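Thanks for passing this one along. Here are a few notes to read with the coordinates open, starting with the pocket.

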Amino acid sequence: MDLMRKILISSLLFLSCLWHPAHASEPHPLLPEATAVAPSVEFTRFGFSIYRAQLWAPGGRYTPGQPFVLSLTYSREIARERLLDASLSQMQKLGAPLDAQPHWRAELENVLTDVKQGDTLTGIYRPGQGADFFYQNKKLGVLSDPLALHFFSIWLDQRTSEPDLRLALIGQSK
């Protein structure tokens, strides 16, 4: 019995070394030079799953100032107004000049929508051009570059309110 157990464990260890998730090396369809930086990570609040987030970047490495794709696949229903208010609140905490840019709220309204379980919102950031936003792979709209950068800072800025989520997204551990 011990010999069988050792063979089984050795086989499983060998197979686990060979296993590599296919999605990690496949390019993102909306930014072909980008591959997944890390596996998707779950964001929870009070023990409830809110969404799974995943980041793609050229060569599978996130570098500030370079293009990237961020996708959020929601685990629950959330109204657009709630997403909008939460986004603006987080951006303000990170120093976005919302008072000086009152039109940013309307821009954000154009790229956010009501979501339900299984829905995906995806943003593709291109430095100097802004970001295109998609809902279930259908284009919703575009954010100007300064606004897009402030929006994505919610997840990617070092001062984010969720530093563990950021580290997981960019493929770093604590």
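1. Which elements supply the lining? At least two residues each come from β3 (41-45), β4 (48-58), β5 (68-74), α3 (80-93), β6 (120-126) and α5. The largest share is that of α3, which gives five residues.

2. On the overall fold, the protein has six helices and eight strands. Their order along the sequence is α-α-β-β-β-β-β-α-α-β-β-β-α-α. Of the 174 residues, 41% are buried. Among contacts with a separation of 6 or more, 52% join residues 24 or more positions apart.

3. H28 deserves a look of its own. This residue sits in strand β1 (residues 27-28). Is H28 buried or exposed? Its relative accessibility is 7%, so H28 counts as buried, the cut-off being under 20%. Beyond its neighbours within four places in sequence, H28 touches A34, W56, V69, S71 and T122.

4. Where does D157 lie? It is in the loop that runs between α5 (145-156) and α6 (163-169). Its side chain comes to 2.6 Å from the backbone nitrogen of R159. Setting aside neighbours within four places in sequence, the contacts of D157 are with L94 and R166.

5. A word on confidence before you use the model. The average pLDDT of the protein is 86, and 85% of the residues reach at least 70. Residues 3-23 are another matter: pLDDT stays under 50 there, and the model has three contacts beyond four places in sequence for this stretch. Where pLDDT is low, the predicted coordinates should not be read in detail.

Note on methods: Residues numbered from 1 in each chain as written. Predicted model: local features only at pLDDT ≥ 70, side-chain atom pairs only at ≥ 80, totals over all residues. Heavy atoms only, no water. Helix = DSSP H or I, 4+ residues; strand = E, 2+ residues; numbered from the N terminus. Polar contact = N/O pair within 3.5 Å; in protein donor to acceptor, adjacent residues only side chain to side chain. Contact = heavy atoms within 4.5 Å. pLDDT = per-residue confidence, 0-100. Buried < 20%, exposed > 50% of the residue type's maximum accessible area, 1.4 Å probe, protein only.
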